[in-house]
Amino acid sequence: MRYISTRGDAPSLGFEDVLLTGLAPDGGLYVPESLPKFSLEDIRSWRGLSYAELAFKVMHPFVEDAIPADDFRAMLDETYSQFAHKAVAPLVQLDSNEWVLELFRGPTLAFKDFALQLLGRLLDYVLDKRKQHVVIMGATSGDTGSAAIEGCRHCEHVDIFILHPHERVSEVQRRQMTTVVGDNVHNIAVKGNFDDCQRMVKASFGDQSFLQGKTQLVAVNSINWARIMAQIVYYFQASLALGGPDRSMAFSVPTGNFGDIFAGYLAREMGLPISQLVIATNRNDILHRFMSGNRYEQQQLEHTLSPSMDIMVSSNFERLLFDLHGRDGAAVRDLLERAQTEAVSVEDYRWKAARKLFDSDAVDDATTCETIREIFEQNEYLLDPHTAIGVRAARNCRRDTSVPMITLGTAHPAKFPDAVKQSGVGVKPALPHHLADLFERDERYTVLEDDLQSIQDFILAHWKNT
């Protein structure tokens, strides 16, 4: 399988090179030249498979030119055996035909583990084969950083530098990153917001000359295709658990960077019956404003109780725009360049095509807390603020109550005790056993200004093969 850029002006690559490249040289994101297609009969035959076996069925076509089947199976078995629930992604029922898909049973208690625990193993495999050492550079609004560090800290051929917005992630999120001991792990607290961190990561990938030719950058953010690929699997798993593919499903997805919901879109394109995808956002509602009114416009970023979605520049949205524009890379480039300085729209027929599948909602902090309280009172089930936004958006946007509505439970509530406290449920969520001593562990991180040169100088000075 070959991969092409969303901006149409970069060479196509195989899986290994896409894994290591991140942003395409033309500034675009890599997507498969064509998707594997599964028939209803194919999908039906996967009922009863373990999560790792299902992951192999869904993902192997994306990597088969680069990784032998037995090696890939071993990676998947190892990755998903680390999760704290036998089902890996269990479903919990909230109401009649309404469910939460628990994606927080991995080592760092967030959905990012599904992709990033695998990504570390993929990198080790490819880099060992190439005898190559790389530098991972990533930005996090909270959960990506800890999952990336956990997934890559044992990688022999990697140094990892994670940027997070200083004092704008929860204490649990920060400590999950900064208490990891490893000479190859570096946490940078940037005096800015997530978009500032992401902007510097993109700029560094666009011009890697600061590394002086000694190494190369690898992406762990969801611009890396492997992240999206791994997230497709749990849409199939949830559907099969509730009667798919013989009935359609609807999903509500808390999202800021559009990666997790784009994986759902791809699952549908690959043959899984999905009738509705709900984009669930907080006050930083650029995706909701586009999907509800065909207006894509950056505004001032606001700090909320759902920090993992405090994002205004949704990188993965470019991948959907590429498809909406008939895979015309030049059109995508023009639209996104204009979007940096002005509000943009797409042609009405393109927007209406997107609306056939997508709905959206923006949920403020007060309603988030109200939803946490409401669900707890109804079910004695505790939601984190991101999942609460997903549940509220699902209920507000639901088209057909006969179709199962599945909200992606993206994080454990213990990661966001402030939101739980503000909800008034009177319960303090406990950290799982393997993180019980998190607040007693020593932290290591460096606070730097929101300045690209300072960040790049720090990376150059601290990667271990300098």
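Visitor: Which residue in β7 is the bridge partner of I162?
Guide: I162 has N187 in β7 as its bridge partner. The two strands involved, β6 (residues 158-165) and β7 (residues 185-190), pair in the parallel sense over 6 bridges. Pairing here takes at least two DSSP bridges between two strands. Strands (E, at least two residues) and helices (H or I, at least four) are DSSP runs, numbered from the N terminus.

Visitor: Before we go on, what kind of model is this?
Guide: This is a predicted model, where local features need pLDDT of at least 70, side-chain atom pairs count only at pLDDT 80 or more, and totals for chains, interfaces and linings use all residues. Residues are numbered from 1 along each chain as its sequence is written, and side-chain values use heavy atoms, with hydrogens and water left out.

Visitor: Thanks. What is the strand order in the open sheet of 5 strands?
Guide: The order is β8-β5-β6-β7-β13, with parallel pairing. β8 (217-219) and β13 (446-448) are at the edges with a single partner strand each, so one side of each lacks a neighbour in the sheet. On average, neighbouring strands of this sheet are turned by 30° against each other, direction ignored. Angles run from 0 to 180 degrees between N-to-C directions, with axes fitted as lines to C-alpha atoms, for helices over the stretch in contact.

Visitor: And β5 with β6, how many bridges join them?
Guide: There are 6 bridges between β5 and β6, and the two run parallel. As one example, V134 stands opposite V158 in β6.

Visitor: Why is β6 largely enclosed?
Guide: Because 8 of the 8 residues of β6 are buried, the rest of the structure largely encloses this strand. Both faces are covered: V158, I160, I162 and H164 are buried on one side, and D159, F161, L163 and P165 on the other. Buried means under 20% relative accessible area, exposed over 50%, and partly exposed in between, with a 1.4 Å probe and protein chains only.

Visitor: Let's jump to the other sheet, the open one of 6 strands. What is its order?
Guide: The strands go β3-β4-β12-β9-β10-β11, with mixed pairing. β3 (91-95) and β11 (358-362) are the edge strands, each with a single partner, so one side of each has no neighbour in the sheet. Neighbouring strands here are turned by 25° against each other on average, direction ignored.

Visitor: How many bridges join β3 to β4?
Guide: β3 and β4 are joined by 4 bridges and run antiparallel, with L91 opposite L101 in β4.

Visitor: Which strands does helix α10 lie across?
Guide: Helix α10 (residues 233-241) lies across β3, β4, β9 (249-254), β10 (274-281) and β12 (405-409), and runs at about 135° to β9. Helix α11 (residues 259-269) also packs on the sheet, touching β9, β10, β11 and β12, and its direction makes about 175° with that of β10. Contact means heavy atoms within 4.5 Å.

Visitor: New topic: how much space lies in the largest pocket?
Guide: About 620 Å³. It has 22 lining residues, and R7, K202, Q298, V313 and Q340 are the closest to its centre. A pocket is an open set of points on a 1 Å grid over the protein atoms alone, where a 1.4 Å probe fits and protein lies on both sides within 12 Å along at least five of seven lines; lining residues have an atom within 4 Å of a point. Its volume is the space filled by probe spheres set on the points, which are joined across faces, edges and corners.

Visitor: Which element gives the largest share of that lining?
Guide: That is α8, with 6 residues. α8, α13 (317-324) and α14 (329-339) each supply at least two.

Visitor: What about the second largest pocket, which residues lie nearest its centre?
Guide: S170, E171, F416, P417 and D418 do, out of 21 lining residues. α7 (171-178) and α18 (417-423) are the elements that give two or more residues to this lining, and α18 gives the most, with 3. The space in this pocket is about 400 Å³.

Visitor: Where is the place of R174?
Guide: R174 sits in helix α7. At 19% relative accessibility, R174 counts as buried. Leaving aside neighbours within four places in sequence, R174 is in contact with H164, V169, E443 and Y445.

Visitor: Last one: is K112 buried or exposed?
Guide: K112 counts as buried, at 9% relative accessibility. K112 is in the loop between β4 (98-102) and α5 (113-130). Not counting residues up to four places away in sequence, K112 touches D143, T144, A147 and R227.
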